[in-house]
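Me: I would like to learn how to read the features of a model like this one. Please give the general idea each time, then the case here.

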Amino acid sequence: VVVLYFARSAELAGVRTESISVPQQITALQLWEEIVRRHSRLTAIQDQVVFAVRQEYVLLGDQLLVLHSGDEVAIIPPISGG
């Protein structure tokens, strides 16, 4: 999958985009944990971040994601000022 980092998440990860290999079926929280293994500084925003998977918002939790090659997963950090 292609991971897109925005705003604070890009600053913490040090990249704006990268491709990673993960199981086709994975929970949102497991996916987050895999991303944090690559970029440990992201733990600073874990309680505030949400994903957008195929442009649909997903909270970090036990929701099962079914991912396909080339899917985009955006890391959406808290946005200040609304």
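Me: Why are Glu-11 and Arg-8 separated by about one helical turn?

Reply: Helices are DSSP runs of H or I with at least four residues, strands are runs of E with at least two, and both are numbered from the N terminus. Glu-11 and Arg-8 are about one helical turn apart because they lie three residues apart in helix H1. This is a predicted model, in which local features need pLDDT of at least 70 and side-chain atom pairs count only at pLDDT 80 or more, while totals for chains, interfaces and linings use all residues. Residues are numbered from 1 along each chain as its sequence is written, and side-chain values use heavy atoms, with hydrogens and water left out.

Me: What do Glu-11 and Arg-8 form, and how far apart are the closest N and O atoms?

Reply: A salt bridge needs a side-chain nitrogen of Lys or Arg within 4 Å of a carboxyl oxygen of Asp or Glu. Glu-11 and Arg-8 form one, with their closest N and O atoms 3.5 Å apart.

Me: Is Glu-11 buried or exposed?

Reply: Buried means under 20% relative accessible area, exposed means over 50%, and partly exposed lies in between (1.4 Å probe, protein chains only). Glu-11 has 54% and is therefore exposed. Arg-8, at 40%, counts as partly exposed.

Me: How many salt bridges are there by this rule?

Reply: The count comes to four. One of them joins Arg-38 to Glu-34, with 3.3 Å between the closest N and O atoms. These two residues are four apart in helix H2, so about one helical turn separates them. Arg-38 is partly exposed at 39% relative accessibility, whereas Glu-34 is buried at 19%.

Me: Which residues meet in a salt bridge at 2.5 Å, N to O?

Reply: They are Asp-71 and Arg-54. This pair links distant parts of the chain, 17 residues apart: Asp-71 is in the loop between strand S6 (64-66) and S7, and Arg-54 is in the loop between S4 and S5. Asp-71 is buried, at 10% relative accessibility, and Arg-54 is partly exposed, at 44%. Elsewhere, salt bridges that share partners join Glu-34, Arg-37 and Arg-38 into one network.

Me: How should I read the sheet, and in what order do its strands form it?

Reply: Strands of a sheet pair through backbone hydrogen bonds, either parallel or antiparallel. Two strands count as paired if DSSP finds at least two bridges between them. Here five strands form an open sheet with mixed pairing, in the order S2-S1-S7-S4-S5. Strand S2 (17-19) and strand S5 (56-59) stand at the edges with a single partner strand each, so one side of each has no neighbour in the sheet. Neighbouring strands are turned by 25 degrees against each other on average, direction ignored. Within the sheet, S1 and S7 pair in the parallel sense over four bridges, and Leu-4 stands opposite Ala-74 in S7.

Me: Which strands does H2 touch where it packs on the sheet?

Reply: Contact means heavy atoms within 4.5 Å. H2 touches S1, S2, S4, S5 and S7, and its direction makes about 105 degrees with that of S4. Axes are lines fitted to C-alpha atoms, for helices over the stretch in contact, and angles run from 0 to 180 degrees between N-to-C directions.

Me: What is the largest nonpolar core made of?

Reply: A nonpolar core is a set of buried Ala, Val, Leu, Ile, Met, Phe, Trp, Tyr and Cys residues joined through side-chain atoms within 4.5 Å. The largest one has 23 residues, and Leu-31, Ile-35, Leu-42 and Phe-51 have the most contacts inside it. Strand S1 (2-5), helix H1 (7-13), helix H2 (28-38), strand S4 (50-53) and strand S7 (72-76) each give two or more residues. H2 supplies the largest share, five residues.

Me: How many aromatic pairs does the structure hold?

Reply: A pair of aromatic rings is described by the distance of the centres and the angle of the planes. Rings of Phe, Tyr and Trp (its six-membered ring) pair if their centres lie within 6.5 Å; planes under 30 degrees apart are stacked, over 60 edge-to-face, and the rest tilted. The structure holds one such pair. Trp-32 and Phe-51 form it, tilted, at 6.2 Å centre to centre and 55 degrees between the planes. Trp-32 is in helix H2 and Phe-51 in strand S4, 19 residues apart. Both residues, Trp-32 and Phe-51, are buried.
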